[in-house]
Amino acid sequence: MDRSTSPESGAAAGAEATMTDDPSAVDLDRPATTGAGTPTGGGRSGDRAARQAALWATLVAVPVTVAVALFAFARLSPDAPETPDAPVAGPSATAARPQSTTPVELAAPQLGERQATVCRALLSQLPPTVRDLAQRPVTAGAEQNAAYGDPALTLACGVAPVEVPPTDDVWVINGVCWHAAQRPEATVLTTVDREVPVQVTVPRAYEQPLQWVAPISETTVASVPSAKTATPRGCRG
């Protein structure tokens, strides 16, 4: 049988052949491919896996980098200088001093009635501390003697009056006139304008002895009357 075809059927067959043979033709029934036949959907899964891998690498790398940086900083930082031992402070008006609490040995001479009354008034009003020196007990005459600190700064009420040479200085401290006599181990300060003389012995360990009688002067003014006899010229100003 003669299988002749019409022009229309030939054209259709040619078009079908052309579409089948054209490598660039896209088959809508198959997923598109990228590269060497890899489906596009598979490419998205690969990208996700790559991002997750990069994230884990970053999480691991950051702590390691921080640790390395801290180690390098510690190695390169200069060592802190050692703090030198603080010097031992000598006796002063503000430094706390260790002191003994044993009674201080002092003499207690017999006093007249008037002297004893005045001295008891003075001793009852003395401050518990003289600057940074705490009061200590005494072996005798607690109604006329007092002691502070270690070495002991001592006070004796009702001592014999002192003669002040014209060439000697006297010092008015908080309203009380004191004569200073220098001894090898202490400065002895005695009032020269009070009815009953008061004597304070300041050990050499305590600098500027006149400052140590300042609080005692305040109590002396309040409890020991002024002398009715003449006083040295320096006490009158």
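Strand β6 (residues 153–157) and strand β10 (residues 198–203) run antiparallel to one another and are joined by 4 bridges, where strands are DSSP runs of E of at least two residues and helices runs of H or I of at least four, numbered from the N terminus, and pairing requires at least two DSSP bridges. Within β10, Gln 199 is the bridge partner of Ala 156. This is a predicted model, in which local features need pLDDT of at least 70 and side-chain atom pairs count only at pLDDT 80 or more, while totals for chains, interfaces and linings use all residues. Residues are numbered from 1 along each chain as its sequence is written, and side-chain values use heavy atoms, with hydrogens and water left out.

The two strands belong to an open antiparallel sheet of 8 strands in the order β3-β4-β5-β6-β10-β9-β8-β7. Because β3 (129–130) and β7 (170–173) stand at the edges with a single partner strand each, one side of each lacks a neighbour in the sheet. Helix α3 (residues 113–125) packs on this sheet, touching β5 (145–148), β6 and β10, and its direction makes about 150° with that of β6; contact means heavy atoms within 4.5 Å, and angles run from 0 to 180 degrees between N-to-C directions of axes fitted to C-alpha atoms, for helices over the stretch in contact.

Helix α5 (residues 214–223) lies across β3, β6, β7, β8 (176–182) and β10, at about 135° to β8. In the loop between α5 and α6 (233–236) sits Thr 231, which is buried, with a relative accessible area of 18% (buried means under 20%, exposed over 50%, partly exposed in between, with a 1.4 Å probe and protein chains only). Leaving aside residues up to four places away in sequence, Thr 231 touches Val 192, Asp 193 and Arg 236.
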